[in-house]
Amino acid sequence: MSVTVVIGTQWGDEGKGKAIDFLARDADFVARYNGGNNAGHTVVNPIGTFKIHLVPSGIFYPHTRCLMGSGMVMDPAVLIEELKTLREAGIRFEKRLFISPRAHVIMPYHKILDGLYEEAKGAGATGTTRRGIGPCFADKISYNGIRWSDFGDQTLFNQKLRVQLELKNKIIAALGGASLNFNKVCAQYQEYYGVLKPYIAEIFPIVQGGLRARKQFLLEQAMGSLLDPDWGTYPFVTASSPLASAVTGGLGIPPRQITQIVGVAKAYTTRVGGGPMPTELAGDSDAGRALQEVAATTGRIRRGGWFDAEVARFAAELNGADALFLTKLDVLSQFDQIQICTGYQWKGKRAHYYDLNAYQLGEVKPVYRTLRGWQTDITGIRKFSKLPEPARQYVETIEKLVGVPVRWISVGPEREATIVR
Ligand code: GDP
Ligand code: IMO
Ligand code: MG
């Protein structure tokens, strides 16, 4: 039996989708336990290229059972669209995709409020995906949420929706938004429920049965560890805990059942949305431009910068990572010199990530170590020993600085572009 949690060690988009698609070959169960369709996990495999927001990225292997846990929130329209895309690609998920009835549903007012709150905060905005994630989790925590299990009882559902619309329409109106109509929302959401109902089932007995049968579990984090509401750069964080520890609340897996924690780390750093990123390079510099990316969910620009070992070490310690899955090493092939941030100086003194709040973190000076680049194409390499010597040195420096061995190295977006050490 194994329960492997795959977590991002940075600010998201580390390549978790790629790692899960690679690792799921040996998994019986692949499960999401946090977040919602703010996630965008890219999978490139023989079936095609997919940007997945909600369904576990292990869905492409017909032998996996895929679980969407109680810790998730989901926009039904996005989920239905995603299932359609997957079905069109030939993926069958009958009897192998299970949605927890405890998962909360993103309602139209969550999306409206997400936007209105962001606008009210102006320059201090979090830079959310505006998918309604924060307001949906806020309703969950303040006992105002609507869960899949509420949809089965039309009277209960109507009652809950009526109360929520009464409350939310007042706030929306006060903030200058257009109010929502009960009949319209009710009809639309019951229709969504009709489509998704075949997949909604309590997953507790499935999980427990799998644990008893000593099956292989692969648990897929969404977001990154530095977006955790407690340990991330608050308020530039996401609403649900992405940490490995969240698998109990989000999936019903007891903490002591976890056998391995894999930290996915991009070979450099990116961040999308607001908040500090100490190693960020100016977007108009050559290196900054080279490390920028386009976000999978919102199409916004991800800011780019050098690898921040302070942040990755913190995330690895916080989660208890056993091994690293290093992604996008190939992207660094273009540089003759590569920098790694080994730590920070703040107000002239050495400071750790955890010493500083988000605003202070925005003021640190990264301490860099310069390494030699390799400037050759490594995308076809499948053996560590065949990597150019400076690339091996780069990997070894990362594992020394982070304090965790690098077990997998990804040298391209495709499933097979992976070196196992
Ligand atoms: P996730 O949210 O952690 O799953 O990451 P995203 O999918 O949002 O972003 C990672 C991006 O990097 C996607 O476009 C992937 O296809 C791509 N990717 C992943 N691994 C590699 C790699 O090793 N090399 C290259 N060039 N691209 C990669
Ligand atoms: P994956 O799973 C990168 C960021 C948003 C914003 C903050 C809060 O693809 O790695 P939210 O909409 O969650 O309330 O936004 O969190 N964010 C992500 N950044 N990758 C993600 O997911 C993210 N999910 C949320 O950009 O800064
Ligand atoms: Mg992503």
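I note here that the model is predicted.

**Overall build.** I looked up the secondary structure and found 13 helices and 20 strands in the protein chain. The C-alpha atoms fill a box of roughly 65 × 50 × 40 Å along the principal axes. I then checked the radius of gyration. A compact globule with 421 residues would have a value near 22 Å, and the protein chain has 21 Å, so the two agree.

Among the contacts with a separation of 6 or more, 76% are between residues 24 or more positions apart.

**Charges.** I looked up 50 positive and 40 negative charges in the protein chain. Their mean positions are 3 Å apart.

Gly40 has a relative accessible area of 11%, so it counts as buried, the cut-off being under 20%.

**Helix 1.** Helix 1 is mostly covered, with 8 of its 8 residues buried. Among them are Lys16, Lys18 and Asp21, as well as Ile20, Phe22 and Leu23.

**Asp139.** I found Asp139 in helix 4 (residues 133-141). Is Asp139 buried or exposed? Asp139 counts as buried because its relative accessibility is 6%. Leaving out residues up to four places away in sequence, Asp139 touches Tyr109, His110, Asn144, Gly145, Gln164 and Lys168.

**Backbone notes.** I looked up the peptide bond from Tyr234 to Pro235 and found it cis, with omega near 5°. Pro235 lies in the loop between strand 9 (216-220) and helix 9 (247-251).

I also checked two lysines with positive phi. Lys328 has phi near 65° and is in the loop between strand 15 (323-327) and strand 16 (337-346). At 27% relative accessibility, Lys328 is partly exposed. Lys347 has phi near 50° and is in the loop between strand 16 and strand 17 (349-351). Lys347 counts as exposed because its relative accessibility is 66%, and the cut-off is over 50%.

Definitions and conventions. Residues are numbered from 1 along each chain as its sequence is written. Chains are lettered from A and ligands numbered from 1 in the order in which they are written. This is a predicted model: local features need pLDDT of at least 70, side-chain atom pairs count only at pLDDT 80 or more; totals for chains, interfaces and linings use all residues. Side-chain values use heavy atoms; hydrogens and water are left out. Helices (H or I, at least four residues) and strands (E, at least two) are DSSP runs, numbered from the N terminus. The radius of gyration is taken over C-alpha atoms; the globule rule is 2.2 Å times the number of residues to the power 0.38. Contact means heavy atoms within 4.5 Å. Lys and Arg count as positive and Asp and Glu as negative; His and the chain ends are not counted. The place of a charge is taken as NZ of Lys, CZ of Arg, CG of Asp or CD of Glu. Buried means under 20% relative accessible area, exposed over 50%, partly exposed in between (1.4 Å probe, protein chains only).
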